[in-house]
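Work through the exercises below with the sequence and the model side by side. Try each task before reading its solution.

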Amino acid sequence: MSQSFLKDGKFFIGCNYWASHAGTNMWRDWRPEVIQRDFALLAEAKIQYLRVFPLWSDFQPIKMHRRGAGIPKEIRMGEEPLPFTEAGRAGVSQEMADRFEMLCDLARKYDLKLVVGLLTGWMSGRMHVPPLLEDMDVLRDPRAIKWQIKFVKYMVNRFKSHPAIVAWDLGNECNCMGQVRNSEEGYVWASAIAMAIQTRDRTRPVISGMHGSFPEAEFRAQDLGEILDVLCTHPYPLFTAHCMTDPITEQKSVLHAAAETVLYRGLSGKPAFVEEAGTHGPFIASEENAAAYLNTVLHLLWSHNCLGLMWWCGFDQLALKHTPYDWEAMERELGLFREDYGPKPVLREMTAFAEFTEKFPYEKLSPRIVDAVCILSAEGDTWLAAYGAFILAKQAGLDMEFCYISDEIPEARAYILPSIAHGNLPAHVLQEIFSRVEQGAILYLSMGDGMLSPFERYTGMKPLCRYKPLSSDRVQLGEERFTFRSNYKVDYEAADAKVLARDDGGRPVMGSYRYGKGTVYYLGYPLEDIAGSVPGVVSGTGFVPYYKFYQEMKELYHPDRKVAKDNPFVAHTEHMAEGKTRIVVAVNCVPRESHVRFVFEGCGYVRTLKNQGTRIESDKNCVNMIMAPNSTVVFEIMDESGEENRES
């Protein structure tokens with residue numbers, strides 16, 4: 001299977017495309033000269049990939065003709081009988097398919113690669129299904145699924161040899177086209193469409209195209225990973241829970257895309273990339289803030305091996321009178337280009353990033369050092385625990401991958417089990433986790449509204465009673481004091497655990513406990529839920545240094561790490577390169593200057609590979625930086641011990 005644009009360590013950029021003159025009406029208002037001009041502008045700006053959409057209602061315009069009393073008689077294409085052709089038997093308009101071929105030819109002319117969103121029945125707030133299917137739940141009705149399969153088979157079979165097409169996408173956010181009742185129905189629908197694609201073309205990857213594939217969703221990342229080749233995220237802060245709480249350029253917002261994409265990759269076991277990203281126009285973020293946001297997000301995705309990003313979308317649509325543009329204010333000013341074809345600052349950032357990756361002195365960016373696997377167990381809101389844990393880890397200088405507690409848990413040297421929110425964690429899974437701790441692994445777990453059994457045996461702390469608190473707790477951790485408010489409070493006493501933090505009453509709330517050859521760290525508050533949900537605590541004027549609870553657990557850090565930092569707002573990743581060289585990617589995740597000091601254990605600073613306005617003073621084993629707002633620095637260090645890099 002060809003996945004040339006989905007290689008580890010590589011990164012592609014692109015955008016979602018509707019013709020500048022017509023938006024979703026482009027297939028009916030067909031103007032190839034406009035599309036050619038659009039493609040020329042995009043290619044000149046170094047846009048490499050386009051996601052394109054054969055609008056379902058235009059391409060399969062089938063309807064039921066009925067007798068008296070509404071009795072069904074015959075399916076036709078408009079007023080005409082279905083032709084006895086391959087296209088006709090699939091209910092596909094030959095004219096529209098020919099237009100799609102012209103679009104593919106134009107893309108090839110400008111060396112643009114296409115991801116094809118096959119079933120585009122939902123787009124930007126409006127349904128676009130064939131007249132035959134308008135009153136059906138198209139994700140569940142057998143007749144609807146039959147005609148979807150026919151459509152997909154025809155389109156893939158006809159265009160599978162076109163060199164401009166690099167991947168098939170199930171469609172645009174198909175989970176918005178209907179309402180499956182459970183994950184089993186979601187599995188069946190996705191399997192049917194994926195197999196329809198794969199019966200006609202096994203050379204190209206099949207991408208999910210979904211928005212929202214959390215474990216609680218009807219289209220679960222785990223199921224999609226079994227069915228498909230690639231998962232994607234559409235990490236719009238406006239539409240993702242807990243994400244539109246802070247300004248778009250603050251740390252919580254800019255970490256969203258990487259956190260969600262790393263999550264889907266971990267849950268599915270398949271590559272993942274950002275298929276749609278954007279800020280929903282100037283009412284959410286000015287052009288300058290949108291550019292700062294995108295610049296930060298691009299470097300975070302690249303450093304976390306998230307493979308690519310496609311902006312939504314190519315061109316503004318302010319002049320269009322038809323729906324959804326007439327309905328939706330947020331759909332009109334989303335382009336890389338304005339209505340007059342002037343480029344926006346976001347396009348400048350994409351072009352600059354493409355030029356940087358083209359000139360990067362290594363063939364690819366090697367994987368980052370990963371410290372721990374985060375095991376998600378939250379019941380009802382897995383994303384909240386994952387998001388909060390990811391943010392705190394980045395602030396503390398840690399890196400994680402994800403898995404789900406009911407799936408196979410990968411072997412790792414350290415585990416994070418955040419904000420346990422229910423009392424039915426499977427005993428056999430806990431036994432497996434703690435057997436690994438007994439053999440030397442490190443485990444950190446924090447408690448939400450859940451329960452853990454057996455508790456004292458695993459944590460070295462003895463629970464005394466549980467109750468609903470009347471007020472917040474004040475907690476002392478080292479020199480820092482924190483305030484916590486939980487739905488439930490448990491009083492503990494330290495049995496065999498070493499106390500790391502206490503509340504105002506002197507009761508232990510965090511401890512470390514030797515369990516066999518390993519260590520268990522326990523915190524009695526849902527720290528990750530707080531970081532993920534409470535506005536302003538991650539960065540800005542309401543900042544609370546919750547990340548210091550993670551820093552307190554020194555054993556979580558991978559022994560191969562050589563780089564430490566002193567500023568939580570600067571996210572960094574560490575990558576082993578050739579010989580004794582390492583690459584460090586440092587991203588200032590806030591819209592303010594950040595002063596940061598990096599200290600290198602046994603390594604020396606070599607050179608800077610990218611600098612976006614940062615002032616740098618290097619010494620033998622450290623470097624001081626004053627980083628510009630929402631900027632990135634990429635630099636090399638070298639091991640001075642003479643040892644070659646080991647596998648992390």
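This is a predicted model: local features need pLDDT of at least 70, side-chain atom pairs count only at pLDDT 80 or more; totals for chains, interfaces and linings use all residues.

Residues are numbered from 1 along each chain as its sequence is written, and side-chain values use heavy atoms, with hydrogens and water left out.

**Exercise 1.** Find how many aromatic pairs there are, and classify the pair of tryptophan 302 and phenylalanine 356.

Step 1. Rings of Phe, Tyr and Trp (its six-membered ring) pair if their centres lie within 6.5 Å; planes under 30 degrees apart count as stacked, over 60 as edge-to-face and the rest as tilted. The count by this rule is 45 aromatic pairs.

Step 2. The ring centres of tryptophan 302 and phenylalanine 356 are 5.2 Å apart and the planes stand at 85 degrees, so this pair is edge-to-face.

Step 3. Helices (H or I, at least four residues) and strands (E, at least two) are DSSP runs, numbered from the N terminus. Tryptophan 302 belongs to helix H10 (residues 287–303) and phenylalanine 356 to helix H11 (residues 345–359), so the pair ties together parts 54 residues apart in sequence.

Step 4. Phe11, Trp302, Phe353, Phe356, Phe360 and Tyr362 form one aromatic cluster.

**Exercise 2.** Decide whether tryptophan 302 and phenylalanine 356 are buried or exposed.

Step 1. Buried means under 20% relative accessible area, exposed over 50%, and partly exposed in between (1.4 Å probe, protein chains only).

Step 2. Tryptophan 302 has 5% relative accessibility and counts as buried. Phenylalanine 356, at 11%, counts as buried.

**Exercise 3.** Classify the pair of phenylalanine 455 and tyrosine 522.

Step 1. The centres of these two rings are 4.9 Å apart and their planes are at 85 degrees, so the pair is edge-to-face.

Step 2. Phenylalanine 455 is in the loop between strand E17 (442–447) and helix H14 (456–459), while tyrosine 522 is in strand E24 (residues 518–523), 67 residues apart.

**Exercise 4.** Which charged residues lie over the face of tyrosine 488?

Step 1. A charge sits over a ring if NZ of Lys or CZ of Arg is within 6 Å of the ring centre and within 35 degrees of the ring normal.

Step 2. Arginine 466 lies 4.2 Å from the ring centre, and lysine 468 lies 5.4 Å from the ring centre.

**Exercise 5.** Describe the surroundings of alanine 90.

Step 1. Alanine 90 is in the loop between helix H3 (86–89) and helix H4 (94–109), and is buried at 6% relative accessible area.

Step 2. Leaving aside neighbours within four places in sequence, alanine 90 is in contact (heavy atoms within 4.5 Å) with Gln60, Trp147, Lys150, Phe151 and Tyr154.
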